[in-house]
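Please consult the sequence and the structure below while reading.

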Amino acid sequence: MIDLIINGKEAVLPKEFSFEYIAENRAFTEADDYSLNIELPLAGCPQNIGIFGHINRFDSDTDTIVYTCEIRALNFYRYGSLTITDISENSIKVQFLGDKSAQNFLSTFDDIYINELNLGSPNSIAHNSFPRNYRNGFDSGAEYVVLPWCNNASGIIQNDIVGGCEWAYTEAFTPAAQMYLLHLTEYICEQLGYKWDFSEWYDSCYRHLIVCNALPLSWKQPDFAKALPRWSVTEFFEQLGLFLYGEFDINHDKKTISFSFYRNIALNYPIVKLDNILNEISVEISKETCSYRDSRVLKYANNGAVTEHFYACDWYISQFKDKAVSLDKMESLMDRAREIYLKLDGQTPPNSLYYVAEYDCYFILSWRSATGISVPSDIGYVTQDGNSYHIVPINRFAPSHTDEDAEEDEIKIVPVPIEFTDESHQFCIFLNPGAEEIESSEVKTIPEIQLAEGDKSKTSTYENIYVGFWEPDFFELIEPPYPHPLVDYHYFQNILYYHHYDNTLCLRNNPLRQSVHNIDGKTKYTIKFLSTELPNPRSVFVIEGKKYLCESISTTFTHNGMSDVHKGVFYRIID
């Protein structure tokens with residue numbers, strides 16, 4: 001027997017009743033369970049008319065109508081949404097959508113833009129207050145921090161400080177601040193009227209990420225939302241899932257949003273052993289890699305950094321790695337760099353590529369301009385012409401892996417550019433809001449400034465969200481002139497001092513982005529099997545002694561309930 005409960009009412013099924021049901025693994029298809037068309041009678045059926053009303057009238061807008069639905073059968077229960085696919089005078093065709101499938105179908109968030117939400121703004125700061133008081137960590141309860149950043153279009157430092165301990169302003173100002181990404185996401189949920197569960201995120205290092213998007217002080221637009229890209233809420237959560245390497249489950253019926261990391265999800269599903277295999281196994285070998293999540297190539301969008309060409313350069317590593325100077329420890333590289341510097345006497349450093357096994361990372365030596373800076377020559381890392389000598393990690397933000405046959409996903413939540421300024425100020429956040437600002441003594445009111453800028457409600461200053469880790473304890477002993485977030489393990493204060501940070505935004509060799517299962521994504525197995533239950537396609541399957549991941553399982557429902565014959569699409573695990 002099978003029951004179809006729609007909006008709490010049992011639907012009447014036709015005499016000749018059957019439909020196909022597909023359970024997909026969202027790690028392959030970004031969808032969950034769904035049915036093909038289910039045809040239900042309307043003419044002469046008061047029970048179904050009581051559910052759907054006179055929906056076959058010409059003025060009924062069926063595209064926006066969604067019902068709750070339960071499918072009940074022996075050893076089977078699913079709760080989800082029901083949508084209308086077709087209507088005639090005598091019948092109605094509907095489709096069941098479960099979880100992620102319903103989330104994909106519903107356009108609830110498609111027309112809501114994050115840069116139009118009310119996400120708050122930072123408080124005004126007294127000019128004689130201490131900058132250190134506005135750099136508190138996430139674990140201290142801070143919602144945002146105030147760090148210096150440089151407008152690359154004008155060269156003007158925002159939230160500027162002098163001497164490391166004073167604001168560079170003579171009166172109170174509203175800063176262009178950086179909100180913690182987790183809090184920003186919570187505020188978005190709050191504006192939507194949805195409850196959230198981000199406990200896994202809270203327990204990870206990603207809680208320390210700050211959003212560095214900000215607008216110049218002279219624009220007088222301190223609202224956090226104004227500096228965000230014009231993304232729909234749907235796109236925001238899609239991008240956030242790619243970036244965090246996890247899933248956001250959005251339940252529009254219950255108005256809840258929850259998050260889990262892929263790795264935790266994969267480890268929580270049981271192993272299913274399939275014994276009753278029918279003699280219908282087909283094997284298909286493709287030139288292209290399947291769409292399994294861990295087989296797809298993830299890559300960052302261009303973050304606009306001046307040194308962006310250092311970020312992703314697989315081609316360079318491929319050409320020169322055989323000639324690289326291989327070292328076991330980072331300290332060995334530091335010693336080598338100091339020795340080379342003492343012999344250079346201001347000349348260009350050797351054209352060597354260095355590999356440090358301790359961190360599985362490649363480095364080069366580079367001069368960086370510091371024009372007009374006067375530094376005593378005995379410091380040992382500044383040449384006579386004012387240029388400074390740096391150890392530079394390369395290829396740190398390369399794509400997750402290389403596979404010309406795999407599909408690609410571009411992540412638009414990117415590491416914030418941290419660029420070298422000069423020896424006095426060292427490193428700083430660099431952003432390009434796309435317009436120069438003019439420092440002027442002319443006093444303008446806020447309406448004057450806003451009118452001069454024009455209508456920006458349907459545009460955005462930035463196309464990406466720029467992020468980095470901020471943990472103030474890391475800088476307690478270093479105290480750089482311009483405190484800034486970190487995006488990788490490696491922090492070189494100069495060639496004299498190296499500091500290791502515990503977290504990274506790298507897409508490779510990142511413990512939080514490690515795949516649980518690797519598969520042969522070019523060999524697809526279609527297997528029929530017998531089971532009185534429909535296995536969860538996200539499980540690991542053992543078939544004839546081999547382990548597989550499942551892309552989808554399809555079955556058939558009739559008046560008698562669910563068929564015992566199922567067909568699955570599988571890929572072999574090659575761990």
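Arg293 lies over the face of Tyr262, 3.7 Å from the centre of the ring. A charge is taken to sit over a ring if NZ of Lys or CZ of Arg is within 6 Å of the ring centre and within 35 degrees of the ring normal. A further case is Arg230, whose charged end sits over the ring of Tyr113 at 3.8 Å from its centre.

The model is predicted, so local features need pLDDT of at least 70 and side-chain atom pairs count only at pLDDT 80 or more, whereas totals for chains, interfaces and linings use all residues. Residues are numbered from 1 along each chain as its sequence is written, and side-chain values use heavy atoms, with hydrogens and water left out.

**Overall composition**

The protein has 11 helices and 37 strands; these are DSSP runs numbered from the N terminus, with helices (H or I) of at least four residues and strands (E) of at least two. Of its 575 residues, 51% count as buried, where buried means under 20% relative accessible area, exposed over 50% and partly exposed in between (1.4 Å probe, protein chains only). The accessible surface comes to about 27800 Å², and 46% of this belongs to carbon and sulfur atoms. Areas come from the Shrake-Rupley method with a 1.4 Å probe. A contact means heavy atoms within 4.5 Å; among contacts between residues at least 6 apart in sequence, 73% join residues at least 24 apart.

**Aromatic pairs**

A search of the whole structure finds 47 aromatic pairs. Rings of Phe, Tyr and Trp (its six-membered ring) pair if their centres lie within 6.5 Å; planes under 30 degrees apart count as stacked, over 60 as edge-to-face and the rest as tilted. Two of the pairs are tabulated here.

| Pair | Centre distance | Plane angle | Class |
|---|---|---|---|
| Tyr462 and Tyr466 | 5.8 Å | 75° | edge-to-face |
| Tyr525 and Tyr548 | 5.4 Å | 80° | edge-to-face |

Tyr525 lies in strand β33 (residues 523-530) and Tyr548 in strand β35 (residues 546-558), so this pair ties together parts that are 23 residues apart in sequence. Tyr525 is buried at 14% relative accessible area, and Tyr548 is buried at 5%. In the other tabulated pair, Tyr462 has a relative accessible area of 2% and is buried; Tyr466, at 10%, is buried as well.

**Cysteines**

The structure holds zero disulfides, a disulfide being a pair of cysteine sulfur atoms within 2.5 Å. For Cys313, the closest cysteine sulfur is that of Cys361, 9.9 Å away and therefore too far for a bond. Cys361 is likewise in no disulfide, and its nearest cysteine sulfur, in Cys506, is 7.4 Å away. Cys313 is buried, with 4% relative accessible area, and Cys361 is buried with 1%.

**Asn395 and strand β26**

Asn395 lies in the loop between β25 (388-394) and β26 (408-411). This asparagine is buried, at 12% relative accessible area. Leaving aside residues up to four places away in sequence, Asn395 touches Phe310, Tyr311, Ala312, Cys313, Asp314, Ile317 and Arg508.

In a regular strand the side chains alternate between the two faces of the sheet. Strand β26 has a covered face with Asp409 and Ile411, and an uncovered face with Glu408 and Glu410. Strand β21 (residues 297-300) runs parallel to β26 and is joined to it by four bridges; strands pair if DSSP finds at least two bridges between them. Within this pairing, Val297 stands opposite Glu408.
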